[in-house]
Amino acid sequence: MLERIRKETGVNVSPSEHILCLPCDKSRSGGFTPELGAVLLCQGNFWSKKHMEHTLTHELVHMYDHCKFNVDWSNLRHHACSEVSRILPSTAVELFSPYCV
């Protein structure tokens, strides 16, 4: 995923600078922080390795969207489109594309 971000957006993502592991409250396992351009993984909040990998992948896709598209994360439509595109098959995403521009 890091290579795809670099190839398609020109942004060099360094795991040591752009993937942070920090303590968080127990209500979350991670997130993408647009202000820092970094993925946050919440230390001690994972049930399993698979849960951590899923969270990392999910948040890296938000990083990709942030780098590739002009996402305004305060715009609920933009945020929703980023979430929907991660969970639906590509054919279903086409149905939402008029709302995601």
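Reader: Why does Cys 67 count as partly exposed?

Author: Its relative accessibility is 25%. Buried means under 20% relative accessible area, exposed over 50% and partly exposed in between (1.4 Å probe, protein chains only), so Cys 67 counts as partly exposed. This is a predicted model, in which local features need pLDDT of at least 70 and side-chain atom pairs count only at pLDDT 80 or more, while totals for chains, interfaces and linings use all residues. Residues are numbered from 1 along each chain as its sequence is written, and side-chain values use heavy atoms, with hydrogens and water left out.

Reader: What makes Cys 24 and Cys 42 a disulfide?

Author: Their sulfur atoms are 2.2 Å apart. A disulfide is a pair of cysteine sulfur atoms within 2.5 Å, so Cys 24 and Cys 42 form one. A search of the whole structure finds one disulfide.

Reader: What makes Ser 29 buried or exposed?

Author: Its relative accessible area is 17%, so Ser 29 is buried. Ser 29 lies in the loop between strand S1 (19-22) and strand S2 (30-33).

Reader: Which side chain makes a polar contact with the side chain of Ser 29?

Author: That of Thr 55, at 3.4 Å. A polar contact is a pair of N or O atoms within 3.5 Å; within protein, one must be able to donate a hydrogen and the other to accept it, and residues adjacent in sequence count only if both atoms are side-chain atoms. Leaving aside neighbours within four places in sequence, Ser 29 is in contact (heavy atoms within 4.5 Å) with residues including Cys 42, His 51 and Thr 55.

Reader: How do you know that H1 is roughly parallel to H3?

Author: Helix H1 (residues 2-9) and H3 pack at an angle of about 10 degrees, with their axes 10 Å apart. Angles under 35 degrees count as roughly parallel, over 145 as roughly antiparallel, 65 to 115 as roughly perpendicular and the rest as oblique, so H1 is roughly parallel to H3. The residues making the contact include Ile 5 and Glu 8 of H1, and Tyr 64 and Cys 67 of H3.

Reader: Which residues make up the largest nonpolar core?

Author: There are ten in all, among them Ile 5, Phe 32, Leu 41, Tyr 64 and Trp 73. Helix H3 (49-68) and S3 each supply at least two residues of this core, and H3 gives the most, with three.

Conventions: Helices (H or I, at least four residues) and strands (E, at least two) are DSSP runs, numbered from the N terminus. A nonpolar core is a set of buried Ala, Val, Leu, Ile, Met, Phe, Trp, Tyr and Cys residues joined through side-chain atoms within 4.5 Å. Axes are lines fitted to C-alpha atoms, for helices over the stretch in contact, and angles run from 0 to 180 degrees between N-to-C directions.
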